[in-house]
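Opening the notebook on this one. I want to go through the surface, the charged pairs, the cores and a sheet, in that order.

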Amino acid sequence: MIIGVILILVIIIVLLMVYNMSIHKKIESFNNLNQKVTNLNILQDFMDTVSKASSVEEKIEQINNIIIERYQIKYSTIVVYDGTKYVVKASNVDAKHWDTLSNLQTEEIFKDSIQSSVPKYVTVEGENERLPYQKMEFARAKCAMFFPLYIDNVYIGYWLLEGSKPHEFDNVDTTILEVIRNNIVAILRTVENQKVIESIVRDDKYSSLKTAEYLYGEGKRIIDRYTTSTVCLFRIINLEKINEEISRKTGDKVISKVCEVVKSDLASEYIFVRYMGPKFAIVFSGIEKEAVVGFMQQIKEQVEAIQVEPVDVEFEYEDGEEEIIARPKLNIIIGTYYKGTALEGVLKKLEEYIDNADQNESKISEL
């Protein structure tokens, strides 16, 4: 009787153990699935950040904030080499520590990590100790994980995680952190082209306008506040003739006068740039094409009423001969830009039209 009861209890215990193991596996599987979903959601947040029309610096800061908030990390710092020095691109650490944080590549403890591309984990044992790279601080960070960053096997900087307790990262799943590191590298690679564009924007000497590159960086942030916008490309069709038959300085003055007239009637959210040579672009943010046609008709009339006397050149006139005056003529083409599509593609189509138009064509066309 007793033996039978014992056997029944043993069977029940075994069944409970099997059941518990099954439940544990299901929980573990659920946690893994949940973590994958979390990682996918965070990756989506990263991609959303990249797609937003903001500066490179703002994007990297937003990415760092996502890491801190979603993974509940105490301190996160992203440092990137800018071509001359290592610069803290994003960090929630007090700026007074940035000088130290931007020079970790010189620390002996991290050199092997940089060479091998293997993350480095360092921690203190007691509250009164400090990490090897800390110069003047004790209380802030008690452990750190150093992740070197590479693009095409070229070392470009590092990502540093810091915790406020000794051994805080002992049980952290480094595979997840590796995924985050790869995402950071992907983001840095993605924004590199934008960084190049932002760095080459110039102010044109004669028109006092930004160059065309402005449209694809800072300008696009303004444009993409709206779902649709109207893009206008116009050409001073007789600028080359003015340069050749009167003088180049006269042509430069014509450009200045034309831009003064156009700018005087433009709202601040409209982007006006010197596109290339005699071509200029205006993006009417959030405005329908029909409204722009009427506006550009007025602009065309005002511009073509401009008269510029020859600069640095004199002409001899016979009796009754008409005085030489530079009068600009415009050819205008208008199209629509939809947020999320390629702005450069729209401008390219407009440019193709205006370049292939008859040299004497002077009207407003719609694409």
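For exposure I use relative accessible area with a 1.4 Å probe on protein chains only: buried is under 20%, exposed is over 50%, and partly exposed is in between. This is a predicted model, so I note the limits: local features need pLDDT of at least 70, side-chain atom pairs count only at pLDDT 80 or more, and totals for chains, interfaces and linings use all residues. Residues are numbered from 1 along each chain as its sequence is written, and side-chain values use heavy atoms, with hydrogens and water left out.

**Entry 1: salt bridges**

I count a salt bridge when a side-chain nitrogen of Lys or Arg is within 4 Å of a carboxyl oxygen of Asp or Glu. The structure has 13 of them.

I looked up K85 first. It bridges to D82, with the closest N and O atoms 3.6 Å apart. K85 is partly exposed at 49%, and D82 is partly exposed too, at 31%.

Next came E108 and K111, whose closest N and O atoms are 3.5 Å apart. They sit three residues apart in helix α4, which means about one helical turn between them. Helices here are DSSP runs of H or I with at least four residues, strands are runs of E with at least two, and both are numbered from the N terminus. E108 is exposed at 60%, while K111 is partly exposed at 31%.

Then I checked D204 with R274, a salt bridge at 3.0 Å, N to O. D204 is in the loop between α5 and β6 (210-211) and R274 is in strand β8 (271-276), so this pair ties together parts 70 residues apart in sequence. Both D204 and R274 are buried. I also noted one network, in which salt bridges with shared partners join R235, E240, K279, E351 and D355.

**Entry 2: cores**

A nonpolar core means buried Ala, Val, Leu, Ile, Met, Phe, Trp, Tyr and Cys residues joined through side-chain atoms within 4.5 Å. Which residues touch the most other members of the largest one? They are F234, V262, F272, I282 and M296, out of 29 residues. Elements giving two or more residues to this core include β7 (228-236), α8 (248-264) and β10 (330-338). α8 gives the most, with six residues.

I followed F272 for contacts, meaning heavy atoms within 4.5 Å. Leaving aside neighbours within four places in sequence, its partners include L209, F234, C259 and I282. Another core lies apart from the largest one and has 24 residues, among them I78, L161, I176 and I184.

Two strands pair if DSSP finds at least two bridges between them. I read the order of this open sheet as β2-β1-β5-β4-β3, with antiparallel pairing. β2 (86-91) and β3 are the edge strands, each pairing on one side only. β3 and β4 (143-151) pair antiparallel over four bridges, and Y121 has M145 in β4 as its bridge partner. α4 packs on the sheet, touching β3, β4 and β5, and its direction makes about 35° with that of β4. For that angle, axes are lines fitted to C-alpha atoms, for helices over the stretch in contact, and angles run from 0 to 180 degrees between N-to-C directions.

**Entry 3: positive phi**

Most residues other than glycine have a negative phi. S117 has phi near 65° and lies in the loop between α4 (108-116) and β3 (120-123). H167 has a positive phi of about 60°, in the loop between β5 (154-163) and α5 (174-200).
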